[in-house]
Amino acid sequence: MLDKTFDPKSAEPRLYAAWEASGGFAPTDDPAAEPFSIVIPPPNVTGSLHIGHALNNTLQDVLIRFERMRGKAALWLPGTDHAGIATQMVVERQLAEQGNRSRRDMGRDEFVAKVWAWKAESGGTIVNQLRRLGASCDWSRERFTLDDGLSAAVRKVFVKLHKEKLIYRDKRLVNWDPHFQTAISDLEVEAREVDGHYWHFAYPLEDGSGEIVVATTRPETMLGDTAVAVHPSDERYKALIGKAVRLPIVNRPIPIIADEYPDPEKGSGAVKITPAHDFNDFAVGKRHNLPMINILDDFARINENAPPEYRGLDRFEARKKVIEQFEALGLLREVEKTRHTVPHGDRSGVVVEPYLTDQWYVAADVLAQPAIKAVEEGDTVFVPKNWEKTYFEWMRNIQPWCVSRQLWWGHRIPAWYGPDGRPFVEETEAEALRKAEEHYGRPTELKQDEDVLDTWFSSGLWPFSTLGWPEKTSDLARFYPTHTLITGFDIIFFWVARMMMQGLHFTGEVPFKRVFINALVRDATGAKMSKSKGNVMDPLELVDEFGADALRFTLTAMSGQARDIKLSKPRIEGYRNFGTKLWNATRFCQMNGCARAEGFDPASVKAPLNRWIVGETQRTAAAVTAALAGCGFDETANALYRFIWNQFCDWYVELAKPLLTGDDAAAKAETQATAAWVLDVILALLHPVMPFITEELWEQTADLGATRTHAGFLMTAPWPDLPASLVDPAADGEIGLIIEAITEGRSVRQGLNVPPSAQPPLLVVEASGAQRAVLERSAALIGRLLRVSEVRVVDSAPAGAIPYVVGGATLALPVAGFIDIAAERARLGKEVANLAADIDRTAKKLANPDFVARAPEEVVEENRERLADAEAARDKLQGALSRLEGV
């Protein structure tokens with residue numbers, strides 16, 4: 001007999017350990033099984049499970065468990081990313097806290113050894129946290145981006161692209177983090193709004209005939225100005241184009257040029273151009289072949305390209321000095337307060353500088369073309385489809401991809417330099433030395449490039465490198481291309497696009513056939529979660545409090561396409577109650593002897609109630625199968641909830657009680673067998689979403705299903721495939737009539753405040769002969785569930801009776817003797833009026849463009865929800881009020 005309650009804390013670790021030990025997470029060896037593979041978006045080795053991970057990995061697990069039960073060779077391949085800058089930062093911080101030497105004092109080899117030691121001891125915490133969530137990854141295939149095999153793949157890709165002239169070295173602007181002294185990607189740049197100033201500086205014309213005024217938020221960069229730009233159509237400056245100004249402080253002549261970049265309507269219409277320290281200015285500099293003068297060193301201190309008195313100053317000290325000098329020279333025209341966006345390193349927290357350096361670049365525009373075509377032609381599809389637009393916008397405007405990083409932890413760039421600086425790009429040092437000897441005519445000492453590769457370079461190979469590429473492995477042949485990628489919208493460009501480009505270039509096939517973009521998890525008010533707001537929800541704490549199944553079902557149910565998830569504890573608690581409801585219903589069936597009979601055939605049941613629930617089971621199985629196949633995760637959860645809670649637990653169990661306790665032995669046995677069969681199907685359908693409670697019930701109710709076709713884990717049981725012929729329209733009509741009669745009757749009672757103790761008769765005023773027969777035959781059942789004294793056929797409803805229509809039949813409840821009709825009419829009228837006033841106020845607020853524009857997003861959403869709730873409540877009360885008309 002089942003315990004009274006399900007205990008997730010004891011059951012979850014026990015069940016997970018049994019699953020993993022069984023080898024059931026690995027794909028079947030059956031060569032006839034259709035392959036279905038997913039590669040996990042590799043979390044950082046430094047990471048810990050946050051709510052976004054919980055959503056993303058829950059959806060992946062739902063899909064992989066579903067396909068595994070459908071008999072496919074389902075592979076969910078896990079792994080972690082070495083996360084260059086994040087991991088290096090963690091270890092450097094740890095060394096500092098322990099009072100150890102810095103990485104630069106240690107040297108590269110000793111520091112990298114320290115990082116590997118940290119990884120062995122503390123890295124990969126998130127992998128065990130995923131187990132707590134129930135993730136059924138094939139851990140025997142777990143990979144790490146710095147594994148030997150993956151590292152070999154990275155070197156091969158780099159060398160091949162270099163030989164194809166698709167990787168090259170160039171001097172361009174990058175996002176530079178002065179704290180880590182490395183280039184960083186756009187994804188690692190955090191835009192922060194700060195209070196600042198526009199300083200308006202006058203640059204004297206070289207011929208002494210006047211001045212031109214420019215404005216900047218970064219005065220120190222003027223030390224590297226190489227032009228002043230004006231719009232060619234700006235009449236104020238047409239006569240100055242081609243002339244020069246004398247750059248103050250530096251005392252260098254720089255030209256006045258015409259370019260489309262300056263906005264004549266903004267400021268003075270003249271713009272200082274610093275190609276080495278601004279991305280827009282860099283583009284202008286390229287167009288006009290301007291000098292590019294870098295005035296900063298790696299630590300963002302002023303270098304030797306500035307006047308002597310500035311050299312060695314921190315950039316912000318230099319800013320103050322520039323302002324002071326302009327003021328002293330009488331050239332500071334205005335100081336204007338502003339609030340503007342300033343880029344910061346998301347990990348270092350320091351201001352990021354556009355910085356001109358020599359880096360390695362990938363010709364992404366060339367690699368992007370096949371990747372664009374693959375989505376255009378449907379080889380890879382996005383779900384929801386609207387994300388294709390984002391993908392195309394990024395890909396069609398792609399810039400050269402900077403892949404080098406000035407770090408020590410990562411894939412070292414396979415380039416070795418000769419004494420004259422000539423690079424030899426090869427997969428091994430031995431091959432580079434051989435090539436150098438051929439070139440120089442003698443053995444020559446080489447020095448390897450100090451930089452490592454951007455982590456997105458190696459993770460871009462993830463779908464095929466994890467399967468053994470470039471070796472022709474059986475896994476690669478069987479599971480590539482992968483089927484579905486589930487990921488967040490924020491890395492469509494940084495990761496999805498990279499995988500598309502590299503997958504197509506190196507394998508000739510798309511890396512995945514479908515990309516599902518999951519929603520963003522917000523707090524209960526709709527606000528984005530952040531530590532600073534204090535509204536972060538820890539998934540592991542939620543698992544401790546409610547169990548993994550409740551969190552998984554919540555995230556699945558709320559993951560509708562194109563809408564964010566508003567997560568709240570009451571919602572999770574509600575879905576925990578859903579699990580409890582199923583547990584209690586199963587326990588009830590067990591207590592009432594429900595067990596599958598030998599050779600039970602659901603198509604052969606005779607009782608209308610059993611034919612009805614068999615048909616509803618088939619409909620639900622079909623709906624859930626279709627929804628999961630199409631990544632309709634919320635549709636899946638909603639269909640399961642509706643069927644299990646409403647149809648099975650609320651209606652079937654209640655309506656079956658007379659059959660289970662009655663004297664008709666055949667009907668009783670049939671109902672016991674039917675209930676056991678339906679429970680088996682429920683457990684199978686619900687398992688991908690709530691794996692722990694369903695597996696526990698499957699194990700604990702083995703006696704209910706002695707003839708189950710699969711005696712092992714539910715996790716590897718066959719998926720229900722039920723024929724549409726199980727649906728019986730006649731049974732649907734009969735049971736549907738009973739349910740509607742009770743449901744609408746309850747609505748009447750509740751809406752008019754009829755006391756629970758009152759037991760009026762249920763009058764059948766108009767109905768077909770078949771409907772009358774059903775209602776009269778079910779009188780005792782209806783009487784118990786609707787709290788009526790009898791079911792009686794009448795020619796007309798008496799005064800004081802409230803009519804209602806179900807399935808074309810008119811029924812009535814005479815309630816005048818139990819309530820004050822006039823008082824109820826007045827009460828309902830007042831409540832409807834109050835709701836109408838609230839609806840009017842809220843609607844006016846939402847119709848006000850100023851309110852919608854200024855109010856926080858969560859406040860606007862709250863008002864929309866309030867309006868919808870108020871309208872629904874008004875309609876319900878209006879229905880109750882209309883029933884009193886004429887009574």
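These legends describe close-up views of a predicted model.

**View 1. A four-stranded open sheet.** Here 4 strands line up in the order E10-E11-E9-E12. The sheet is open, and its pairing is mixed. Strands E10 (244–247) and E12 (270–273) stand at the edges. Each has a single partner strand, so one side of each is left without a neighbour in the sheet. On average, neighbouring strands are turned by 30 degrees against each other, direction ignored.

**View 2. The pairing of E10 with E11.** Strand E11 covers residues 252–258. E10 and E11 run antiparallel, and 4 bridges join them. Alanine 244 faces proline 255, with the proline in E11. Strands of a sheet pair through backbone hydrogen bonds, either parallel or antiparallel.

**View 3. The cavity.** A search of the whole structure turns up 1 cavity of 30 Å³ or more. The volume of this largest cavity is about 30 Å³. Its lining consists of Phe588, Cys589, Cys594, Tyr652, Val653, Ala656, Leu660 and Ala675. Two elements give two or more residues to that lining: helix H19 (569–591) and helix H21 (633–661). H21 supplies the largest share, 4 residues. By class, the lining has 8 nonpolar residues, no polar ones and no charged ones.

View 4. The disulfide count comes to 0. Cysteine 137 is in no disulfide, and the nearest cysteine sulfur, that of cysteine 631, is 17 Å away. Cysteine 137 counts as buried, at 0% relative accessibility. Cysteine 589 is in no disulfide either; the nearest cysteine sulfur belongs to cysteine 594 and is 4.2 Å away. A disulfide needs sulfur atoms within 2.5 Å. Cysteine 589 is buried as well, with a relative accessible area of 2%. Cysteine 589 also belongs to the lining of the largest cavity, as does cysteine 594.

**View 5. The second largest pocket.** This pocket has a volume of about 1,200 Å³. Its lining is made up of 42 residues. Nearest its centre lie Tyr198, Thr216, Thr217, Arg218 and Asp278. Among the elements that give two or more residues to the lining are strand E8 (211–216), E12, helix H8 (279–288) and helix H9 (315–328). Strand E13 (332–345) and strand E14 (353–362) are also among them. The largest share, 7 residues, comes from E7, a strand that spans 189–204. By class, the lining has 15 nonpolar, 16 polar and 11 charged residues.

**View 6. Two cis peptide bonds.** Valine 383 and proline 384 are joined by a cis peptide bond, with omega about -5 degrees. Proline 384 sits in the loop between strand E15 (381–383) and helix H11 (387–396). A cis peptide bond also joins tyrosine 480 and proline 481, where omega is about 0 degrees. Proline 481 lies in the loop between helix H15 (474–479) and strand E22 (482–488).

**View 7. Two residues with positive phi.** Alanine 83 is not a glycine, yet its phi is positive, about 50 degrees. The loop that holds alanine 83 runs between strand E3 (79–80) and helix H3 (84–97). Alanine 83 counts as buried, at 5% relative accessibility. Lysine 165, also not a glycine, has a positive phi of about 65 degrees. Lysine 165 is in the loop between helix H7 (148–163) and strand E5 (167–177). Lysine 165 is exposed, with a relative accessible area of 68%.

How values were computed
Residues are numbered from 1 along each chain as its sequence is written. This is a predicted model: local features need pLDDT of at least 70, side-chain atom pairs count only at pLDDT 80 or more; totals for chains, interfaces and linings use all residues. Side-chain values use heavy atoms; hydrogens and water are left out. Two strands pair if DSSP finds at least two bridges between them. Axes are lines fitted to C-alpha atoms, for helices over the stretch in contact, and angles run from 0 to 180 degrees between N-to-C directions. On a 1 Å grid over the protein atoms alone, a cavity is a set of points where a 1.4 Å probe fits but cannot get out, and a pocket is an open set with protein on both sides within 12 Å along at least five of seven lines; lining residues have an atom within 4 Å of a point. Grid points are joined across faces, edges and corners, and a volume is the space filled by probe spheres set on the points. Ala, Val, Leu, Ile, Met, Phe, Trp, Tyr, Cys and Pro count as nonpolar, Asp, Glu, Lys and Arg as charged, and the others, Gly among them, as polar. Buried means under 20% relative accessible area, exposed over 50%, partly exposed in between (1.4 Å probe, protein chains only).
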